[in-house]
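Hi,

Here is the structure I promised to pass on.

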Amino acid sequence: PVSSFSIYIGKTLGLFLQLLLLEVLMMIAMIALFDSSVDDFLLVSATGVIATIAIASTGTLYGVLATGLGVRETLLPILLLPVLAPVVIGATRAFGDAFGRVNADGWAWVGLLSVVAVLYTLLGMLAYGQLLEEA
């Protein structure tokens, strides 16, 4: 039998890959359409990957919470917004530094994003099995 741990990792990895592909396409479009330049490509890459890990792990966990509800499409974004606020703020500041638009220490924000991503992923691994059984 397949464990709930491997189900969580598989769903999170699938969501991560979809979001990462979307980010790459949007980054190319943004650079082309807005004539932007990247000052620190490594910072952009690290921020994108780490923030995507946090979003994918949280989205997978909250997705199973909203499974049995009939208003899943409207409730899920409302549930996710407060939880993902540190990710959105940190990624915005780090991307601003990487594009040379904001005078901030982007790597410090990547550190915060890393802590949040690890925390959300570990909490998701621990809680997913129990939530899946209840849903």
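In α1, Tyr8, Lys11, Thr12, Leu15, Phe16, Leu19, Leu20, Glu23 and Met27 meet Val44, Gly48, Val49, Thr52, Ile53, Ile55, Ala56, Ser57, Gly59, Thr60 and Leu61 of α2 (contact means heavy atoms within 4.5 Å; helices are DSSP runs of H or I, at least four residues, numbered from the N terminus). By class, this contact has 12 nonpolar, 6 polar and 2 charged residues (Ala, Val, Leu, Ile, Met, Phe, Trp, Tyr, Cys and Pro count as nonpolar, Asp, Glu, Lys and Arg as charged, the others, Gly among them, as polar).

Bear in mind that this is a predicted model, where local features need pLDDT of at least 70 and side-chain atom pairs pLDDT 80 or more, while totals for chains, interfaces and linings use all residues. Residues are numbered from 1 along each chain as its sequence is written, and side-chain values use heavy atoms, without hydrogens and water.

Now α1 itself. Its buried residues are Tyr8, Thr12 and Phe16 (buried means under 20% relative accessible area, with a 1.4 Å probe and protein chains only). Their cover includes α2 (41-65) and α4 (106-134). Just after α1, Asp35 has a positive phi of about 50 degrees.

On the α2 side, take Ser57. Ser57 is buried, at a relative accessible area of 0%. Beyond its neighbours within four places in sequence, Ser57 is in contact with Tyr8, Thr12, Ala117, Tyr120 and Thr121.

Cheers

Notes: Buried means under 20% relative accessible area, exposed over 50%, partly exposed in between (1.4 Å probe, protein chains only). Helices (H or I, at least four residues) and strands (E, at least two) are DSSP runs, numbered from the N terminus.
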